[in-house]
Amino acid sequence: MLRLTGLRKTYGRIVAVDGLDLEVCAGEMFGLLGPNGAGKSTTVSLAIGLLEPDAGRVEIVGFGSPADPAVRARIGVAPQALAIYDDLSAEENLAFFGRLQGLTGRALVERVRWALDFVGLVPRARDRVSTYSGGMKRRLNLAVAVIHDPPLLLLDEPTVGVDPQSRNAIFENILALKRQGRTIVYTTHYMEEAERLCDRVGILDQGKLLALDTVPRLVASHGGKSVLIVARDGEEDRIEADDPVAELARLGPANLRGFRMERPDLEKVFLNLTGRHLRD
Amino acid sequence: MGTILAMMVKDLKLLARDRMGSIFTFIFPLVMAIFFGTIFSGTGPASRALTLALVDEDGTPESRAFADTLGASPEFQIEPMTREAAREAVRLGRRTAYVALPPGFGEARRRMFYGEPPEIEVGLDPSREAEGGMIQGLLTRHLSQQMQELFGRGDRMEAWIEETRASLDTARGLPAERRATIQRFFGELGRFQASIRDSGAGADSGRAGGGWQPARFRTADIARVRRGPRNAYDVSFPQGVMWAVLSTAYGFALSLVMERTRGTLVRLRMAPISRGQILLGKAGGCLFTIVTVSTVLLLIGALVFNVRPNSWGLLAAAVLSSAIGFVGIMMLISVMGRSQRGVSGLGWAAMMAMSMTGGAMVPLFVMPPWMQTASQISPVRWGIIAIEGAIWRDFTVQQMLLPCAILVAIGVVGFAVGVRVFRWTESEA
């Protein structure tokens, strides 16, 4: 559905994206995981044709470059910054952006109604956005991205700064979009989100794609061993083990006061790949 | 076209919901136009009349009729008072003067050729000699008008003659010879008046054909060649319009930058429309707002402050040219800085410079010659010249071409440069 080939983008001396090769399949939910400044938003901007790459190319497979307005119409974007008008209502925002996408008349009215219902904003549809909570604004940001029913969605950190309840609501919306068969590219620096939502995850750091696979495979190949932490005689020991259960059996119950286990996760994968934590 | 229209409507909604923006775009320029128009007019239109306190100590039908005449006069603003209150009002400067009709005023008015004439007391500050002379002149005119009415109506004239002859009989201190002479005069005058009535000329019992009039005036309308504005509002309203135009252009320039900084520009660019269409939408909103606000201000000027253009057609051309010119300025302001704060600061400075040099603060015609020459670099000057040209400078179509062409050229060049230089992403900025 989306193919990035040898993509490179620099700002002066800063290399934002460095030789990125990536292909996202139709119907897939693809996560781009990386810390702030890794190049995720630049990659999104390149993918939707807002930025010209210094090298490489972007292709919506079967349709062409997103630099073409007709191709862009097949993409929906929820930018990291809330790209909505505070002094318009949710209904007016949706109607305006729907019109820009070529929707008119009955089709526009129905899509606006659908989008409001989809993100649960019908009761506040005619209130000005400036009166909304952060979570409601995020949901509207997502609704505007899908107003024209695009098959490809790029969601750039869509849960930044929202409360847990709104975050769950947004997750439900995104999973519903996935069930509808849309292709979704999801950027985040929250590993839990990538683990929970994404079919495949690409780990990005300093503009480079360090690894790309399903979460279990990434963990298996880059996460390292599980760590068994046992408490004996007032001391705690950390023991790396391929099979923590077998290791626990080997240690036996003598003097064992307690134990816990740390399984490798995407955080560990990132740490192993870069020597830094995701939130550094 | 539909998308450009949608963007225009969106911008107009946003402007209408932005209270501060609306104040700076419309209310502030209107207040400026009215304020400067009023202070340069000296006083408001209603206060052109002389303010007088009227003291009627006579209380006769004649004194009341005279008071009514003065009250109906456009030259005076009359307020009845007691003598003490009237003196105090003049002393404190609340009234220009007082006019007192002392006891005996009515009786003296009834007789004409004997006794003392009616007395009127005018009280005012001795330093206001000019106003004193004007007041006395106007009072004399109103007294004469009453006489003129009396002599012009046969029925009243005859009644007055009868009353006067009767009162002559009882008049004290009048020498017998003089009394007889006046009686003869009124006798002849009564017979003369009766002859007019009997001859049929008095069929109209009101204004008898032979009724006396000092003169009959005919007026011929000769429009004087006018040089300069009719009133101060002719100057202040074009200035107010240019303030509105500048505020609108500045507001739209900022809104364009805010589209970028707040991220909505990303969405606009995701729509299947070109960059040119996005900017045309913004330009269309700006153009429409400038034309609308200018039109409303000028209509208020015309309906309330007597700002009457010599040519509505030329005025429309001036407003449209100004709008086009300042759409270009809007685009240039939007690329003046790299950040919203930068554009805000530099844009404001540019607006101030344009308005100061262009005549939006100080009228062009009161500027020294070198300043008038320097003002030619300011688009505001050409906007004001064009609007004034249609209102009071008596521009012909040919004369209007120059400012309008300059404004349109500024608009086209400014828009082209702005489109070329505009930064579409924050990273570019």
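Helices (H or I, at least four residues) and strands (E, at least two) are DSSP runs, numbered from the N terminus. With that convention, helix 1 of chain A is followed by Gly49(A), whose phi is positive, near 80 degrees.

The structure is a predicted model, in which local features need a pLDDT of at least 70 and side-chain atom pairs count only at pLDDT 80 or more, while totals for chains, interfaces and linings use all residues. Residues are numbered from 1 along each chain as its sequence is written, and chains are lettered from A and ligands numbered from 1 in the order in which they are written.

The predictor gives the complex an ipTM of 0.79 and a pTM of 0.68. For pLDDT, the predictor's confidence in each residue, from 0 to 100, the mean over chain B is 83, and 90% of the residues of chain B reach 70 or more. Residues 205–210 of chain B have a pLDDT below 50, although this stretch has 16 contacts in the model beyond near neighbours in sequence, a contact being two residues whose C-beta atoms, placed from the backbone, lie within 7 Å.

Helix 1 of chain A, residues 40–47, is mostly covered, with eight of its eight residues buried; among them are Lys40(A), Val44(A) and Leu46(A). Here a residue is buried if 20 or more other C-beta atoms lie within 10 Å of its own, exposed if 12 or fewer, and partly exposed in between, with C-beta atoms placed from the backbone.

| Strands of chain A | Bridges | Direction |
|---|---|---|
| strand 3 (residues 29–33) and strand 8 (residues 200–205) | four bridges | parallel |
| strand 8 and strand 9 (residues 208–213) | five bridges | antiparallel |
| strand 10 (residues 226–232) and strand 12 | six bridges | antiparallel |

Within these pairings, Phe30(A) stands opposite Arg200(A) in strand 8, and Asp205(A) has Lys208(A) in strand 9 as its bridge partner. Strand 8 and strand 9 of chain A form a hairpin with two residues between them, and Gln206(A) in the turn has a positive phi of about 50 degrees.

Further along chain A, three strands form an open antiparallel sheet in the order 11-10-12. Its edge strands, each pairing on one side only, are strand 11 (235–241) and strand 12 (256–262). Neighbouring strands of this sheet are turned by 20 degrees against each other on average, direction ignored. Arg232(A) has Leu256(A) in strand 12 as its bridge partner. Helix 9 of chain A, residues 244–251, lies across strands 10, 11 and 12, running at about 25 degrees to strand 10; axes are lines fitted to C-alpha atoms, for helices over the stretch in contact, and angles run from 0 to 180 degrees between N-to-C directions.

Definitions and conventions:
Two strands pair if DSSP finds at least two bridges between them.
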